[in-house]
Amino acid sequence: MSEQTPFFEIRNLHASTEDKPILKGVDLTIQPGETHALMGPNGSGKSTLSNVIMGHPAYEVTAGEILFRGQNILELEPDERARLGLFLAFQYPVAIPGITVAKFLKSAADARFGQGAVKPSDFIKRMRENLAFLEMSEQFLNRFLNDGFSGGEKKRMEILQMLTLKPSLAVMDETDSGLDIDALRIVSKGVNRLVGPEFGLLVITHYERILNYIKPDHLHVLIDGRIAMSGGPELVKEVEKNGYDWIRERFGKEVLV
Amino acid sequence: MTTAQLDPAVVMVPGFDESARPAAAEPDLITARREAAFKQYLELPMPTARDEEWRRTDPALIPFERFKPAEAPRRRAAPSGAGPWDDTFDVVVSVDDTGFEIRDNAGLLAQGGLTVQPLAEAAQRHPALIERYLQGPARVKHPRKFSALGDAFWRFGLFIHAPAKAIIPRGVLIRYTHAQSGRSVVPRLLAVVEDQAELTIAEHYESPDDAELLAITTRELYAGPGATLRAASLQEWGARTYHIGEDWVRAERDARIEWVTLLLGGQVSKMMVSCDVHEPNAQAYLSGLFFANRTQHVDQKTLQLHTAPNTYSNLLYKGAVKDQGHSVYQGIIDAAPGAIKVDAYQMNNNLILTEGARADSLPGLEIDADDLKCSHGATFGNLDQNQLFYLRARGLPEAEARQLLVMAFFEEVIARVPHEFMRERVREDVRRKCGDAA
Amino acid sequence: MNQTETTHKLETDSKLVREYQYGFVTDVDTDELPKGLNEDIIRAISQKKNEPVWMTEWRLKSFRRWQTMREPRWAKVTYPEIDYQDIRYYSAPKSASSGAAQADPELLKTFERLGIPLYERDRLAGVAVDAVFDSVSVATTHREMLAEKGIIFCSMSEAIQEHPELVRKYLGSVVPPSDNFFAALNSAVFSDGSFCYIPKGVRCPVELSTYFRINARDTGQFERTLIVAEEDAYVSYIEGCTAPMRDTNQLHAAVVELVALDRAQIKYSTVQNWYAGDEKGHGGIYNFVTKRGHCRGAHSKISWTQVEVGAAITWKYPSVILEGDHSVGEFYSVAFTNNRMQADTGTKMIHIGAHTKSTIISKGISAGESANSYRGLVQILPSAQHARNHTCCDSMLIGDKCSANTYPVIEAETSTAITEHEATTSKISEEQLFYVQSRGIDEESATSLIVNGFCKDVFKELPLEFSVEAIKLLELKLEHSVG
């Protein structure tokens, strides 16, 4: 990909929900092979950003663009974005009683790769492999989607879907929240399987803990709907040690200047 | 309502007057029961939209005057063609405009392990049973117009009897296929499952979209002590069929009833089921699925009657409406005085899929005993927006995601359907209705 | 016709007196019209009140309409035929006037005994009271203070004289005379009631309250209340009711109309403790009431809270028409029935505007041989896009001779609305009773604790001091229902 058309680029993104502005000019660029982490205090707009990237109808984009391989995706429906290769691992995956995991995965895979692109026997084989890799029981396939799942099971189910759909760019919205260290290790293992030169990743998190498993190349700090600071992996430690106040302070000054 | 001074013109359901009464000679027992029912029929006024029960389904929606009672179907000697699922049942009864046949797939009838006979024949062979059960004790509540009509005018009567301890593995399928425009069909079913026996009865109703028909069905089912009765009906009438059905079910001590009604077809359907959990430890599971699209009108009433202590009932009716579809669900849990330790539950969930559609729900409780727990719930709404977004975020186009969620909504009821063929048929119907752009 | 009302022989059974401490009769000179109902009686009522012609005509029109109507019989209550010609439609204490200063000391004492002091010196802090005795208002307190803010709080009779333009504009605009049998009757014969008008932007600083007292024998009470809250106004209104213990039934057929304009809020609370009759079901008030609020303006809100512990028969469905977009309707109800009492009560929430929201919480408690029914309608019209309703109706049974019924109707005509209804009926929990008793609390107190817990979602909606009163009242009512 040439310098002129970045892989994934967010330009001056403004978004609001229920007429309340949340994002106030976000700029972010991700190149293939890069892993970016996004941190920020509660209410800074992290989840809004992930929902807007995926096209959640409750959010309204008031300005800016999101370009994926040069195409503005804001005009696209959520399913069109997914079929282009975008993936969102939800912070709170919804339960859908009545749809089994197997049925759901098959429907999603057919939508992404085309009906019949994957032979049913191959599909099942691959499902089993992925389940085993994520240390999940095969019984999950017959359970209703996320219905009665524990927090950790839901997050693993998100990663299972990610492995199945093989996105080019994935956004993980606080996937680490509420996970014990074992589950965190498994989830990270799943994600790292996809990490490679053709894959871009945005890890949204509250804690630096997951960044020990999924190593970011860049860290951005989101405060009050804007990227207040960006840096290399070294910034992680600083945020861990000193919190966000110093960034907010410095950012505030910069804005005033 | 006083009875004596009713004007016959007000009383008669058009098409069902003296002249429509069966002319052929029948056993005395049947004649006597018909006579009693006819008398009752004359005593009950024709319902109008002013009656509470018909307020939401104006009888004027049903063009009674356009229908003449069909001839009674005659028993056919030779099979007239099989349905695709016939092989999965022990006994198959198929009824159409001209005839009926009873097929004994497993030789159960021949061995006497099960009785499936026309009512008139049964009245001769098993008079004591018919005496006891036809228009029998399941009719606990006040008489009703269309049950009386069914009892007086039925054209095809069927008696099913599972003797004590008989376990009928695959059960009985009754297929009704009618196509003759301008006719009314009046089938009548009486089923008795004796002590500790186990029987499944599946019914399937079908008519072509272009035939204008009226069906008035009356069913009466009994589960004896410790018996298990599974009754599932799949109504797939064509778009111009009108259906009034009144069903009466009763469970004796330790009996278990699993009742499933799948209402998908027809222009207007007005159904009532009264389930009497009559003796201690009797249990009833009542499930319903309905989907009214285009201009369909579906009205269902359920009664969970708890006349004895320590009885259990659990009801789940799920429906969807779309286009100009209108559904009405009315449920009553009635716990009689002394019916203590009753546990009764009733849930009605409704999906309203498009503007223009309408769903009404009247979930009632009538409790005259104190030591019990009865509850009901009703919900209305469209598909969950977060679920929809989740599916779309995984690449499913909107129409497909919506259809999948409608299927998921119904799955809880579909899981209660005892036959794979019916489950598949219903899923297919639901899929078709979701995709149908009116 | 003048006549001194003779004190009727009070039921002397001490237990009963304890149960209903408001059962006394006041000995006052009354000004009454003869029993019976015809156009002359209506003209006489109107004349006594010196009403303008339009009001007399309105009454007569209502009466003519009423004559064509039939008494509703769909409620799950039974009672003998009411002889509408055997009721007195007007009875007023001769000394009645609308200032406490001039009021008959007997009347003031009566209201004091009822816990409603009307003397300026001990009037309730933070509450303005209008007291209605039989057919007329006898005193309204706090008037000057309210007048300064532009709030009108007076008897309906006065309002007709002094604010005819407002009365004409709003009377019958929410409950038209033709609405139902009892509303038509009320419109023809109503004698008094309260009128409240809160002008634009005014937040009424005190609770407004009307206290209704039926005293005279064989007299019906037909009061009419109208509350109008203009844009951005707020008012909290409380009504209380009692009547003497008499062995004949008396009819109470009131109409209450509420109008809320843009962003206005009306909170209407009732503690209804009419005499309920004795253990055998003799006597008691027939409480056949039409109450309806109209959220006319956007973002307006009407909230009904009722604690119904009295009356032989209650037939009452305080409702809200949610016309303004984003308007809110609420109904919180506790209905307690004992002995042979019958209650058929509930609400209607009619959603017309977009984003309208309603909440229904109903708690029914049946004891003795009583019958207690919830009847409700939630109607979501096609225009009510994104409407929301949540309904929860719980019934508790104390004893095995009572009944509890729930008859909700939900009609949903838009795919964007969400409604949820849940209801349960059960016996008072034996586990809870056992637990509480095991801590040394006797059965009666334990029952009352549990019942209070059961009702807390409703009690918390009442203004604080009335909440305390309501809890005490319910405790008193429960005292003899256990065992």
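## Strand pairing across the B–C contact and the arrangement of the three chains

Asp360(B) faces Glu411(C), a residue of β23(C), in the predicted model. Strand β21(B) and strand β23 of chain C, residues 403-412, pair there in the antiparallel sense, and 6 bridges join them. The contact between these two chains draws 31 residues from chain B and 29 residues from chain C. On the side of chain B that touches chain C, two or more residues each come from β20 (343-352), β21 (358-367) and β22 (373-381) of chain B. Strand β21(B) contributes the most to this side, with 10 residues. By residue type, the side of chain B that touches chain C consists of 13 nonpolar, 10 polar and 8 charged residues.

There are 2 pairs of chains in contact, and of these chains B and C share the most contacts. Chain A and chain C do not touch, and the distance between their nearest C-alpha atoms is 13 Å. The predictor assigns the complex an ipTM of 0.88 together with a pTM of 0.88.

The contact between chains A and B takes 22 residues from chain A and 19 residues from chain B. At least two residues of the side of chain A that touches chain B are supplied by each of α2, β7, α3 (101-113) and α5 (151-165) of chain A. The residues on this side of chain A comprise 14 nonpolar, 4 polar and 4 charged.

Elements of chain A also take part in covering a helix of chain B. Helix α7 of chain B, residues 385-393, has 7 buried residues out of 9 and is therefore largely enclosed by the rest of the structure. The buried residues of α7(B) are Gln387(B), Leu388(B), Phe389(B), Tyr390(B), Leu391(B), Arg392(B) and Ala393(B). Their cover includes α1 (46-54), α2 (78-84), β6 (86-89) and β7 (96-100) of chain A, along with α8 of chain B. Just after α7(B), a positive phi of about 100° is found at Gly395(B).

When neighbours within four places in sequence are left aside, the contacts of Cys275(B) are Val249(B), Ile257(B), Trp259(B), Ala284(B), Leu286(B), Leu303(B), Gln304(B), Leu305(B) and Ser313(B).

Chain B as a whole contains 9 helices and 22 strands. Its C-alpha atoms occupy a box of roughly 70 × 55 × 50 Å along the principal axes. Of the 438 residues in chain B, 55% are buried. Among the contacts of chain B between residues at least 6 apart in sequence, 82% link residues at least 24 apart.

In chain A, 4 strands make up an open antiparallel sheet with the order β2-β1-β4-β5. Strands β2 (20-30) and β5 (71-72) of chain A are at the edges with a single partner strand each, so one side of each has no neighbour in the sheet. Strand β1 of chain A, residues 8-17, and β2(A) are paired in the antiparallel sense over 8 bridges. Within this pair, Glu9(A) is opposite Thr29(A) of β2(A), and His14(A) has Lys24(A) of β2(A) as its bridge partner. The hairpin of β1(A) and β2(A) has 2 residues between the strands, and Glu18(A) in this hairpin takes a positive phi near 45°.

Confidence was also examined along chain C. The mean pLDDT of chain C is 86, with 87% of its residues at 70 or more. Residues 1-17 of chain C have a pLDDT below 50, and in the model this stretch has 27 contacts beyond near neighbours in sequence. The pLDDT is also under 50 over residues 97-101 of chain C, where the model has 14 contacts beyond four places in sequence.

Conventions: Residues numbered from 1 in each chain as written. Chains lettered and ligands numbered in written order. Predicted model: local features only at pLDDT ≥ 70, side-chain atom pairs only at ≥ 80, totals over all residues. Contact = placed C-beta atoms within 7 Å. Nonpolar A, V, L, I, M, F, W, Y, C, P; charged D, E, K, R; others polar. Pairing = 2+ DSSP bridges. Buried ≥ 20, exposed ≤ 12 C-beta atoms within 10 Å, placed from the backbone. pLDDT = per-residue confidence, 0-100.
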